[in-house]
Amino acid sequence: MTAWLSRRINARLALGGLALVCATTAGCGTALYEVPVETPIPAKLDVSAFQRVLVAGFVAGGAEDIDTNQETVRLLRSQLRSKSELRVIDADVMQLVDVAQEQNKAAVNDTAAADGLSVKTSSENGGVTALPQKIKDEKDLEPYDRLFANTAYWKRIGEEYQNPLIVTGSVLFTPRSSSGLVTRETEVYDGLGRRRVVPQRVYMERKGFMLRPKFVFIDGRTGATIYSETRREEVLYNAQQETPALSSYFELMDRIVPDFLGALSTQKIKGTRVLIK
Amino acid sequence: MKLRCATFLIAAFAFSTSTAFADSRDEARSQVDFGINVAQRGLWREAIYRWEKAVELDPKYAAAYNDLAIAYEHEGQLEKARKAYDKALELEPNNTQIRQNYDLFKEINDRVAQQKDKR
C-alpha cells in the first residue's frame, strides 16, 4: 500500500514538474501587434560638401507633345526643394542640345583647322561625330554623352553658380505600341451561378510611352562626374484609351523620382511589421 | 528508500530548474511587453533596450528576436536586424509571422546592398 502511494506521489510530482515546464515554455498564447515602420535608406552619394544644387537641364528627345527638358527640370527642382536639405538654385533651364551642338561645331572646326582642311559636315570628321539634330531614340542620344564628360565646361558652370552640385543628363520620352497576348483576369460563372476569376490569355493592342532618363551628378568645383544612373520605365494602355502624353510622363516619373532622390538624401521606406508577444 | 530519495532529488532539481527558467522567461516576457508598449508610442530606442534585455534573459525567445529585428530595421541598423531575424527564424523556422516580417525586410536590405555594390 505504502509502495503504491509513494509511486503515485512520484508520478504526481513528475507530472506537476512537466506541466510547469510546459506552462513556462509554451507561455499563454501569442499576441500580435501591427506597427508602422520607416526604414531609413542611406543616400547613394555623399553630398555633404555641397550646400546648393543646380538642376541645369537635360538633353531631351522623343515625343514632341511635351517639353521634356523643361518638365524634368521643373519636377526635379520641386522634389529637391521639399525632400532634400540642399538649396535649389533657381536659374534658367539650359538648352543642352544647343550647347552640345555648339561644342561639337567648335570641335569640328578645331579639327579641320589642325588638318588644314575646310570644314566638313559629314559624320566622320577627324574623329568628331556629328550630333543628330532630332533625337528619336537611344542611339541618337549616345553621341551627346560627350557633353557630360566635358569637365572644363561644367567647371565653368560651377564657377558661375558658386560651386554647387550639378544635376544634368538626358531624357528620352517616346511613344510605344505593342501587340500580343496578355494575361487578363476574367469573371466566369459556373452552372450554379458561382462567380470565379480566372486568368485568360487574350490578344491586345496597346500603346503608351517609354521614359528613359539618365541622371548625371557633377561636382561643380571640378566639373567631374561623380555619379550617374540610368532608369527605364514604360507604361502601356489599351489602344482605345486616350491618355495625354504629359500625364503618362508624370506617371512614369513618379516611379523614378524616389530613386533619384535616394542618390542625394536619406530616404525612408514606409511599411508595417508585426510585433509578437 | 534509496529509490525514493533519488526520485525526490530528481523531482526537486527539475522543479528548481524549471522555476528558474520560468522566472527568466517571465522577466523576458515582461520586457517584451514593455518594449511593445513603448514601440507603439514611437519610442524605438527604449524598445531596443528592453528587447535586448529580453533576449539576454531568454536566448531562446524567438518573438523577442523578431521584435528586436523590427526595431533595428526602424533605426536603420540593417545588419543587426538581419542577424536578429536569422536568430528568430533559427528558433522558430515555421513561424509565418516572423517569415513575413523577414521577407519584407529582405526586400529593403537587398536594395541597399545593390546600391552599395553600384558605388
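A residue is called buried if 20 or more other C-beta atoms lie within 10 Å of its own, exposed if 12 or fewer do, and partly exposed in between, with the C-beta atoms placed from the backbone. By that criterion, buried residues make up 25% of the 277 residues in chain A.

The model is predicted, so that local features need pLDDT of at least 70 and side-chain atom pairs count only at pLDDT 80 or more, while totals for chains, interfaces and linings use all residues. Residues are numbered from 1 along each chain as its sequence is written, and chains are lettered from A and ligands numbered from 1 in the order in which they are written.

Chain A has seven helices and eight strands, where helices (H or I, at least four residues) and strands (E, at least two) are DSSP runs numbered from the N terminus. Two strands pair if DSSP finds at least two bridges between them, and β4(A) pairs in this way with both strands tabulated here.

| Strand pair | Direction | Bridges |
|---|---|---|
| β2(A) (residues 52–62) and β4(A) (residues 165–189) | parallel | nine bridges |
| β4(A) and β5(A) (residues 195–219) | antiparallel | 25 bridges |

Gly61(A) stands opposite Leu172(A) of β4(A), and Thr174(A) has Met210(A) in β5(A) as its bridge partner. Five residues lie between the strands in the hairpin of β4(A) and β5(A), where Gly193(A) takes a positive phi near 80°.

Buried residues of α2(B) include Trp44(B), Trp51(B) and Arg50(B).
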